[in-house]
Amino acid sequence: MEFQTYTLGNGLRVILLPTRSRVVYCGYAIAAGSRHEEPGEEGLAHFCEHLTFKGTEHRSALQILNSLERVGGDLNAFTNKEHTVYYAMVMQQHLGRAIDLLTDIVFASTYPQAEIDKEVEVVCDEIESYNDSPAELIYDEFENLLFNNHPLGHAILGEAKQLHTYTTADALRFARRHYRPDNAVFFVSADVTMKQLVRMTEARMEGVREFEGTGVRGYEGARLPSGLPSQNISALPPQHNPGLSAQDIPDLSSASREIIRHRGTHQAHVVVGCPAFNMHDDRRIALFLLNNILGGPAMNSRLNLALRERRGLVYTVESSMATYSDTGVWTTYFGCDTKDVKRCLRLVRHELDRLMERPLSESQLRAAKRQLIGQLTIATDNRENFTIDVAKNYLYGGWEKDIDQLLAKIEALTAQQLHEVACLLFTEQRMTTLVYE
């Protein structure tokens, strides 16, 4: 898949995936996530996402809702810790309409107070719904433990009490600081040339005001303090060559801990994990493969076989990795009867130890690569998710996601490289365990 990129005079980066489909996917990815909130702004990035649909200098909330819906299109958005994404799906002939609407809501929203007063109740309901889902809530609290006293460690949704204090001025201040052309990527997957796309985009950017006096580029700000224990692993230079020095292990170690929260849940919810690699570190590819072996989506993952298929101890067990611009997190989650928590933890530890004790055999390595490459190739067929993923990578890395290059990197991994990363990350001393029961 060949991507084309272009940077407008105002700093907006444009990335195009040409396609023959009659359906267009397009949107803005902005480096404005919860980690970019100042003290006292917790939850404001997500709140602004909601409010962006509530009126602009040129459109009412109803006009925004009708603009794409009336031609069968769809408009949506989401916020996470490092970015907010606004995106649309329309038929090819309505690409111009979609660009016009998206540019208007991102750069000309007015955040009227009357809409804030109504929408805050919607977000508070979302918070309560989230609090009622321990399987999701536990991930937030786990990252709070790892990134304590840093913006990466607070919940994206914020707290109801604080949300009720926000005003139009607060939303405008946040938007003017971060919703900037030079802090965003405009992404498109459509049957259009880059020349046509640039002409369409430039025409609609003419009315976008330049906000002065901030100079903020979100992907350069809000870094983790170098002394933060959870950041030790990402402080190391990327590992481009095989082989880890012995002193790497002590540098990355941290005291293991187990925290138990008595929440009166029907079953116990458990997360075990540790800090990991950032999105620029080559070692993340090895961890990507290890993670898939351990607790990826396939039913034959080692943790699913050990905890569910062979022993029937859990309904769900999975492992995952999150890569941020300057750090990362690796976790395993499972839910089980409270009486089985210790047994399940021992089984998880056993599977981690297996990967640390000896490298994979050649046949195991081939099978693991074949499975992950197949999953990734099939995933690219979902153009919506794939296009958004490309935009997020380009936003922070300045590079476009080349799926063929990624597959080649996976193919090039050796058993020794995987073993070294397992020994680096999966020691018992580095693990934090959080239990809801």
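Modeller: Of the 437 residues of the protein, 55% count as buried, and the model we are discussing is a predicted one. The protein has 17 helices and eleven strands, and residues 24 or more positions apart account for 82% of its contacts with a separation of 6 or more.

Colleague: How do you know that phenylalanine 47 and tyrosine 166 count as buried?

Modeller: Buried means under 20% relative accessible area. Phenylalanine 47 has 0% relative accessibility, so it counts as buried, and tyrosine 166, at 5%, therefore counts as buried too.

Colleague: What makes aspartate 353 partly exposed?

Modeller: The term partly exposed covers what lies between the limit for buried, under 20%, and the limit for exposed, over 50%. Aspartate 353 has 25% relative accessibility, and therefore it counts as partly exposed.

Colleague: You spoke of phenylalanine 47 and tyrosine 166; why is their pair of rings called tilted?

Modeller: A search of the whole structure finds nine aromatic pairs. In the pair of phenylalanine 47 and tyrosine 166, the ring centres are 6.4 Å apart and the planes stand at 35°.

Colleague: What makes the pair of tyrosine 86 and tyrosine 179 edge-to-face?

Modeller: The planes of tyrosine 86 and tyrosine 179 stand at 70°, with the ring centres 6.0 Å apart. Since planes over 60 degrees apart count as edge-to-face, the pair is edge-to-face. Tyrosine 86 lies in strand S5 (residues 84-91) and tyrosine 179 in the loop between H7 and strand S6 (184-190), so the pair ties together parts that are 93 residues apart in sequence. Tyrosine 86 is buried at 0% relative accessible area, and tyrosine 179 counts as buried at 1%.

Colleague: Why is H14 called roughly antiparallel to H16?

Modeller: Helix H14 (residues 362-379) and helix H16 (residues 403-412) pack at an angle of about 170°, and their axes are 10 Å apart. Angles over 145 degrees count as roughly antiparallel, and therefore H14 is roughly antiparallel to H16. In this contact, Lys369, Leu372, Ile373, Leu376 and Thr377 of H14 meet Ile403, Leu406, Leu407, Ile410, Glu411 and Ala412 of H16. By class, these residues divide into eight nonpolar, one polar and two charged.

Colleague: And what makes H1 roughly perpendicular to H7?

Modeller: H1 and H7 pack at an angle of about 100°, with their axes 10 Å apart. The range from 65 to 115 degrees counts as roughly perpendicular, so H1 is roughly perpendicular to H7. The contact is made by Leu44, Ala45, Cys48 and Leu51 of H1 together with Asp170, Ala171 and Phe174 of H7, and by class it has six nonpolar residues, no polar ones and one charged.

Colleague: Why is the phi of tyrosine 111 worth a remark?

Modeller: Most residues other than glycine have a negative phi. The phi of tyrosine 111, a residue other than glycine, has a positive value near 50°. Tyrosine 111 lies in the loop between helix H3 (95-108) and helix H4 (113-131), and with a relative accessible area of 2% it is buried.

Key: Residues numbered from 1 in each chain as written. Predicted model: local features only at pLDDT ≥ 70, side-chain atom pairs only at ≥ 80, totals over all residues. Heavy atoms only, no water. Axes fitted to C-alpha atoms, helices over the stretch in contact; angles between N-to-C directions. Helix = DSSP H or I, 4+ residues; strand = E, 2+ residues; numbered from the N terminus. Parallel < 35°, antiparallel > 145°, perpendicular 65-115°, else oblique. Contact = heavy atoms within 4.5 Å. Nonpolar A, V, L, I, M, F, W, Y, C, P; charged D, E, K, R; others polar. Phe/Tyr/Trp six-rings, centres within 6.5 Å; stacked < 30°, edge-to-face > 60°. Buried < 20%, exposed > 50% of the residue type's maximum accessible area, 1.4 Å probe, protein only.
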